[in-house]
Amino acid sequence: MISDNIKKIQKNIEKSCQKAGRDPKEVTLIAVSKTKPIPMLEEAYQAGSRDFGENKVQEIMDKHPALPEDIRWHMIGHLQRNKVKYIVDKVALVHSVDSLRLAEELSRQAGKKQAEIDVLVEVNIAEEESKFGTSRAEAIQLVEEMAKLPHIHVKGLMTIAPFVEDPEENRKYFRQIKELSVDITKKNIDNVSMSVLSMGMTNDYMVAVEEGATMVRVGTGIFGERNYN
Ligand SMILES: *Cc1c(COP(=O)(O)O)cnc(C)c1O
């Protein structure tokens, strides 16, 4: 059951926090509800979830009006510039900004709606060809350029670690993201905060929390396997 899954994951997050000497209140569990029908999201809502992650603009547009207003929607998937206008005033956080051109469009569309938009910079920490995200080397420059844009606020970093059998294999990548966020913090850039680290999924969220994640994105672990047919 969805509520049991959420409880179990929250317990695991607490355990990982204990291990790392962290306060569990620092960690937000994002229920990744992509491909899942609204009744399943309602079940998660009843169990206490207020943060939902989606990777398609169309799905956010369909689900947003059907669910309670106190839900915080997280755009976690690759975002095309021509679709920014549909979600800029519906999402609490865009996790997947990896280019200045996308950031400029988010800034422009937020301005049009007299809104402010919070974003994370997606870093392809393992430099996998199949993945979106800026390289570690380019991340700082991108953050510096984004900082100058109006209506958009960098709040931290996001990464999708490689798909591995043993989550321990990803510990080094989570550590590198944390280090990168510390390096950026030291630069004291105006309009930039590194308070959010969005990392860890069903397979590796416990390791990610041990290494400093403040948001974990869990889909399968809450809602079960996805069916793309
Ligand atoms: C689908 C997805 C997740 C959730 O993955 P699970 O392995 O099902 O927990 C997390 N982050 C992103 C960016 C995703 O696209």
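How far is a nitrogen atom of the ligand from an N or O atom in the side chain of Arg217? I found 2.8 Å for this pair. The model is a predicted one, and I read each distance here as a value computed from it.

**Ligand surroundings**

I next looked up the other polar atoms around the ligand. The side chain of Thr202 has an N or O atom 2.4 Å from an oxygen atom of the ligand. For Arg226, a polar side-chain atom is 2.8 Å from a ligand oxygen. On its own the ligand has 390 Å² of accessible area, and the protein covers 89% of this.

I then listed the shell. It holds Val32, Lys34, Ile76, Ile160, Met201 and Thr202, together with Arg217, Val218, Gly219, Thr220 and Arg226. By class, I noted 5 nonpolar, 3 polar and 3 charged residues in this shell. As for the site itself, the ligand sits in the largest pocket.

Lys63 belongs to helix α3, which spans residues 57–63. Is Lys63 buried or exposed? Lys63 counts as buried because its relative accessibility is 5%, and the cut-off for buried is under 20%. I also checked its side chain: a polar atom there lies 2.9 Å from the backbone oxygen of Ser33.

Lys186 is part of helix α7, residues 171–186. Its relative accessibility is 63%, so Lys186 counts as exposed.

**Positive phi**

Gln114 has a phi of about 50°. I placed Gln114 in the loop that runs between α5 (100–112) and β5 (117–122). Gln114 counts as exposed because its relative accessibility is 76%.

For His151 the phi is about 65°, again positive, and this residue is not a glycine. His151 sits in the loop between α6 (136–146) and β6 (152–158). With a relative accessible area of 29%, His151 is partly exposed.

Ser3 is in helix α1, residues 2–20. Its relative accessibility is 17%, so Ser3 counts as buried. Which distance separates the C-alpha atoms of Ser3 and Ala47? I noted 5.2 Å, for residues that are 44 apart along the chain.

Ser99 lies in the loop between β4 (93–97) and α5. I recorded Ser99 as partly exposed because its relative accessible area is 26%. A polar atom of the Ser99 side chain lies 3.1 Å from the backbone nitrogen of Leu102. I also looked up Leu142: Ser99 and Leu142 are 43 residues apart in sequence, with 7.2 Å between their C-alpha atoms.

Conventions:
Residues numbered from 1 in each chain as written. Predicted model: local features only at pLDDT ≥ 70, side-chain atom pairs only at ≥ 80, totals over all residues. Heavy atoms only, no water. Near = heavy atom within 4 Å. Polar contact = N/O pair within 3.5 Å; in protein donor to acceptor, adjacent residues only side chain to side chain. Areas by Shrake-Rupley, 256 points an atom, 1.4 Å probe, with all protein chains shown as cover. 1 Å grid on protein atoms, 1.4 Å probe; cavity = no way out; pocket = protein on both sides within 12 Å on 5 of 7 lines; lining within 4 Å. Sits in = over half its atoms within 2 Å of the grid points. Nonpolar A, V, L, I, M, F, W, Y, C, P; charged D, E, K, R; others polar. Helix = DSSP H or I, 4+ residues; strand = E, 2+ residues; numbered from the N terminus. Buried < 20%, exposed > 50% of the residue type's maximum accessible area, 1.4 Å probe, protein only.
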